[in-house]
Amino acid sequence: MNYKPYPEYFWQKLETTLKNINTTNQQPIAAFDADGTLWDTDLGENFFQYQIDNCQLDLPKDPWNHYLEMKKINNDPRDAYVWLAQINQKQTLAQVRAWAQEAFEALVPKPIFSEQQKLIERLHQANVKIYIVTASVKWAVEPGAAALGIPAEQVIGVETAIEQGIITNQPIFPITYRSGKAEALLNKTNKQLPFLCSGNTIGDFELLQLASDIQLAVSAASRDDKLFKSENELMQKAQELNWFGHRFI
């Protein structure tokens, strides 16, 4: 699919900001949400379907319904997001990462937004350290990050503790949803603020609030897509706060 390019004034703002960032003491940081922000798919849910189809995990009779019903409890999806990591307990981390790579490779063509790829390439040229902060399972997102030149250690997502290479069911906090995204990023950067943040739903609002210079809200969901309402909420916030807002379609 052909996606709308960013307007020229966005790139001008980026170049001005990069020129003015003080890099004397610290490498500048940028942070992106993953699904719907960097690519036009949900790698976490794509990986879940792959596991249902291929991995013989111990799952409920109707795994999707179980997950979707968990998301509704107390209108708080965090336990459901953690459960998608917990279903991997007793597996080796190496095995789960191999499955995640296979699930990503099955996506043809790769649904990466070309403008985000261009933006990340420019940030890498400027020696910006890029983090991906996602409410999806971290291991599911790592292959997409690698396709953009971002190493696994700079992917911050939902995960459970690893003991001697084996995945456990013990959640790692904070859960990277809403304010947990901002908290987890600051934990990783030793409280250094990103100069640029990008996200696509209201779940990324607190992450975008961290950005010192550029907040970039994006969207691509059609009106009948489950994400449209949440993307529209973020776009409205972006308009109110004079952030950059961009529809890819």
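Biologist: Which residue in S2 is the bridge partner of alanine 31?

Modeller: Strands of a sheet pair through backbone hydrogen bonds, parallel or antiparallel. Here the partner of alanine 31 is tyrosine 131 in S2. Strand S1 (residues 29-32) and strand S2 (residues 129-137) pair in the parallel sense over four bridges. Two strands count as paired if DSSP finds at least two bridges between them. Strands are DSSP runs of E, at least two residues, and helices are runs of H or I, at least four, numbered from the N terminus.

Biologist: What should I know about the numbering and the model?

Modeller: Residues are numbered from 1 along each chain as its sequence is written, and side-chain values use heavy atoms, without hydrogens and water. The model is predicted: local features need pLDDT of at least 70, side-chain atom pairs count only at pLDDT 80 or more, and totals for chains, interfaces and linings use all residues.

Biologist: What is the strand order in the open sheet of six strands?

Modeller: The order is S3-S2-S1-S6-S7-S8, with parallel pairing. Strand S3 (155-158) and strand S8 (244-247) are the edges, each pairing on one side only.

Biologist: Which residues of H2 are buried?

Modeller: An α-helix has 3.6 residues a turn, so residues three or four places apart point the same way. In H2 (residues 43-54), the buried residues (under 20% relative accessible area, 1.4 Å probe, protein chains only) are Leu43, Gly44, Glu45, Phe47, Phe48, Tyr50 and Gln51. Their cover includes S2 and H7, with contact meaning heavy atoms within 4.5 Å.

Biologist: What comes just after H2?

Modeller: Glutamine 56, with a positive phi of about 50°.

Methods. The expected span of a helix is 1.5 Å times one less than its number of residues. Buried means under 20% relative accessible area, exposed over 50%, partly exposed in between (1.4 Å probe, protein chains only).
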